[in-house]
Amino acid sequence: MLKQIIKKVANIAGFYVIRHRDHETDLSWLRNRDIKTVFDIGANIGQFAEEVRRELPDAQIYSFEPVKETHDALIKNFSGDKKFRAFNMGLGSRKENKEIKISAYSPSSSFLPQSKTLETVFPHTKEVGTQTVLVERLDDIWHQVGESRSGVLVKMDTQGFEAEIISGGKACLSAATAVLIETSFVEIYSGQPLFDDIYQLLRGLGFSYHGSLRVKRHPQTGEVMFEDSIFMRDERP
């Protein structure tokens, strides 16, 4: 009850309380990777950006959130951060205006239709509306902000749209040190690429798989459904 009161008062005052992930990830290892620039794709209200900022206080963070209301909350949460910039757009393989399906649980909003699995296992994520949003290519944004050539971290949490982002961001990804990407082992969104598809795409860009930060299991069967995968620049000759 106290948490609800605090959140309500904060929202009235014009602030949005960031809800931490159920299992916060250990990003301390990023300190040793000389990360200077972070592309936070699928930012929601800034959960990941907040975790990154604690570990990398001097990094420039570019966050991308297509849903306007969620983007507005993201802006409020980072209003005092001078090395943070938010973009009200999605990223994909080409520039276009595209309809996004808005979920009752905002991190589950997606350009792809929900699968029966998602509707059954996680009913709180049901679709409650749509919105037409701008989609740009990652490479075009990368050129716009200065083409960082080293110390780049790219994070993708875009509910099945990751392959489209990779297609439109090969130059940026080729300069990246690390990629943190949500990958699925079962179809959560209709037509989405699964882990093996993403693995092959990133291997083709010179990355090696380095395990996962966390996994999400089926609440009844315990089956691993998806994970936050770590891919690092392959330093082998």
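**Salt bridges, sheet, helices and rings**

Author: Let us begin with a charged contact: the side chains of R137 and D140 meet in a salt bridge, with 2.9 Å from N to O. Please keep in mind that this is a predicted model.

Reader: Are R137 and D140 buried, exposed or partly exposed?

Author: R137 is partly exposed, with a relative accessible area of 24%. D140 is also partly exposed, at 33%.

Reader: Which residues are linked in a network of salt bridges with R137?

Author: The network links R137, D139 and D140.

Reader: How many salt bridges does the count come to?

Author: The count comes to twelve salt bridges. One of them joins K68 to D72, at 2.9 Å from N to O. These two residues are four apart in helix α3, and therefore about one helical turn separates them. K68 is partly exposed at 43% relative accessible area, and D72 is partly exposed at 32%.

Reader: What is the distance between the closest N and O atoms of R54 and E50?

Author: The closest N and O atoms of R54 and E50 are 4.0 Å apart, and the two residues form a salt bridge. The cut-off is within 4 Å. R54 and E50 lie four residues apart in helix α2 (residues 47–55), so about one helical turn separates them. At 46% relative accessibility R54 is partly exposed, and E50 at 23% is partly exposed as well.

Reader: How do β2 and β3 run, parallel or antiparallel?

Author: β2 and β3 run parallel and are joined by four bridges. As an example, Y62 has R85 in β3 as its bridge partner.

Reader: And how do β9 and β10 run, parallel or antiparallel?

Author: Strand β9 (residues 207–217) and strand β10 (residues 224–233) run antiparallel, with eight bridges between them. R217 has V224 in β10 as its bridge partner. The two strands form a hairpin with six residues between them, and G222 in the turn has a positive phi of about 80°.

Reader: Which residues of helix α3 are buried?

Author: In helix α3 (residues 68–77), the buried residues are T70, H71, A73 and L74. They cover an arc of only 160° around the axis, and so they lie on the same side of α3. These buried residues pack against β2 (60–64) and β3 (84–87).

Reader: Finally, how does one describe a pair of aromatic rings?

Author: Such a pair is described by the distance of the centres and the angle of the planes. In this model the count comes to eleven aromatic pairs. The rings of F39 and F64 have their centres 6.5 Å apart and their planes at 20°, so this pair is stacked. The pair links distant parts of the chain, with F39 in strand β1 and F64 in strand β2, 25 residues apart. F39 is buried at 0% relative accessibility, and F64 is buried at 1%.

Reader: Is the pair of F111 and F161 stacked or tilted?

Author: The pair of F111 and F161 is tilted, because the planes are at 45°; the ring centres are 4.8 Å apart. F111 lies in the loop between β5 (96–103) and α4 (116–121), and F161 in the loop between β7 (152–156) and α6 (162–167), 50 residues apart. F111 is buried, with a relative accessible area of 9%, and F161 is buried with 6%.

Reader: Which residues do ring pairs link into a cluster?

Author: The cluster consists of F185, F195, Y199, Y209 and F231, linked by ring pairs.

Notes
Residues numbered from 1 in each chain as written. Predicted model: local features only at pLDDT ≥ 70, side-chain atom pairs only at ≥ 80, totals over all residues. Heavy atoms only, no water. Buried < 20%, exposed > 50% of the residue type's maximum accessible area, 1.4 Å probe, protein only. Arc of directions from axis to C-beta. Contact = heavy atoms within 4.5 Å. Pairing = 2+ DSSP bridges. Phe/Tyr/Trp six-rings, centres within 6.5 Å; stacked < 30°, edge-to-face > 60°.
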